[in-house]
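User: I have a structure here that I have not looked at before. Can you walk me through it?

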Amino acid sequence: MSIKDELLKFRTKITGTDKEESTYKVDSSKTLIDLDAKVDEYIEWNFENMVKGQYTDIGEYHKPIELRNFIEKMAVWYELRYPDYEINRIMHCAGQEGIKISDVMFNSNNYINELFDENDDVRAIDWDEFYNTHAFIKSLPWEERYRFQRARYKDLVYLDPNYTLHSPMEVERKTAHLHLTPNGFVKEAEGVDCYSKFKVTNEELKGMHVKEVVKLLKERGITLPSDNELDATINTTEKFIKEKEGMLDAVMYRIIERGGNRMGPRRGFLFAKEFGRNIDIPMMYAIDRSDPGLRLFINDYIKAGGSKDLICYVGYFSRTNKMKKLDTISIQELILTQNNNAATFYTPEETALHQRLANAIAYQVNQEVVKQEEVKKLRLQRKI
């Protein structure tokens with residue numbers, strides 16, 4: 001691909017001039033929009049799937065409260081890590097305060113000044129790196145820290161643990177089992193060949209994921225009992241993953257809601273990138289046409305893998321009530337209509353891109369002219 005093609009491709013991605021069909025459109029009439037309602041929805045799911053029937057009445061009452069408090073704690077941690085003036089410094093959207101969080105914590109801190117001299121290396125520490133995710137998680141008590149554990153499949157699972165023996169010959173059927181890695185892959189299978197009447201061998205299951213094992217057994221006509229431990233460990237692990245993913249999404253919702261129309265979406269965007277959340281969500285709530293940094297934010301979103309087809313809510317933070325119907329607008333339309341600032345339509349990056357594109361096209365045209373002149377010379381020489 002030539003430099004011209006590469007620049008044109010990048011320009012198309014930024015400006016959204018291609019006509020691909022959208023896969024990111026949002027039907028606001030069918031989608032839960034209110035961010036606090038999204039948090040409530042997750043807490044309700046968590047109660048129904050992870051709490052109900054697992055605790056005493058007192059536990060069932062307190063667990064949702066504890067979860068809500070933790071979601072709030074994590075949102076506040078991210079605000080402390082990235083105060084408004086730092087968010088504005090990273091992704092401009094308002095007048096910039098002169099204060100810097102690293103200076104506050106390491107240069108203007110009396111405790112630091114009493115322990116270290118003015119040239120000590122501690123003063124070069126970046127606060128956001130110092131108060132990083134790993135440090136935050138390690139500082140939590142166990143009842144909150146466990147929420148970040150990786151999901152692990154059960155290491156030993158039986159195909160039919162409660163089978164009633166009718167003869168000694170059926171021992172292998174009752175004891176057929178798999179040894180799994182924490183990620184759910186089969187390290188070893190025992191008794192599965194006998195259990196399946198040799199439709200499946202122990203050896204062929206090695207290295208397969210437990211989900212694929214269940215699928216293979218079904219394809220070969222082998223029905224597992226409802227209380228088999230393969231399905232149980234799959235369901236338990238998937239619920240644990242959903243619990244963790246949902247919790248992180250709920251934190252992102254609170255970060256966006258707490259931060260307001262400009263800081264909230266930007267801080268949520270940083271959180272989404274760091275924790276692998278959907279970057280579409282903070283962008284959807286960021287549309288404030290008076291925001292002087294909106295065009296820059298859109299470019300950051302596109303460069304992070306966002307889509308020009310994303311449909312965003314207009315004026316979410318200027319609602320007079322939660323039931324108010326919101327207008328929507330696509331990123332593509334914003335790119336085509338939103339000025340960078342009062343003086344320029346394009347951002348400096350886009351202006352530089354256009355200049356590079358123009359230079360590349362001019363260079364290519366010049367090369368074509370030179371090539372044509374050389375061809376004319378060769379033809380004249382042949383005639384002579």
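This is a predicted model: local features need pLDDT of at least 70, side-chain atom pairs count only at pLDDT 80 or more; totals for chains, interfaces and linings use all residues.

User: How many helices and strands does the protein have?

Analyst: There are 18 helices and five strands. Helices (H or I, at least four residues) and strands (E, at least two) are DSSP runs, numbered from the N terminus.

User: And what percentage of the residues count as buried?

Analyst: Of the 384 residues, 41% count as buried. Buried means under 20% relative accessible area, exposed over 50%, and partly exposed in between, with a 1.4 Å probe and protein chains only.

User: Which residues have the most contacts inside the largest nonpolar core?

Analyst: They are Ile71, Met74, Met247, Phe271, Met283, Tyr285 and Ile331, in a core of 56 residues. A nonpolar core is a set of buried Ala, Val, Leu, Ile, Met, Phe, Trp, Tyr and Cys residues joined through side-chain atoms within 4.5 Å. Helix 14 gives the largest share of this core, 14 residues. Apart from it lies another core of 21 residues, including Ala176 and Leu217.

User: Now the largest cavity. Which residues line it?

Analyst: Its lining is made up of Tyr42, Arg147, Phe240, Glu243, Lys244 and Met247. On a 1 Å grid over the protein atoms alone, a cavity is a set of points where a 1.4 Å probe fits but cannot get out, and lining residues have an atom within 4 Å of a point. Helix 14 (residues 229–275) supplies four residues, the largest share of the lining.

User: How much space lies in it?

Analyst: About 40 Å³. A volume is the space filled by probe spheres set on the points, which are joined across faces, edges and corners.

User: Is lysine 197 buried or exposed?

Analyst: Lysine 197 is exposed, with a relative accessible area of 70%. Phenylalanine 198 is found in the loop between helix 11 and helix 12, has a positive phi near 65 degrees, and is exposed at 57% relative accessible area.

Key. Residues are numbered from 1 along each chain as its sequence is written. Side-chain values use heavy atoms; hydrogens and water are left out. On a 1 Å grid over the protein atoms alone, a cavity is a set of points where a 1.4 Å probe fits but cannot get out, and a pocket is an open set with protein on both sides within 12 Å along at least five of seven lines; lining residues have an atom within 4 Å of a point.
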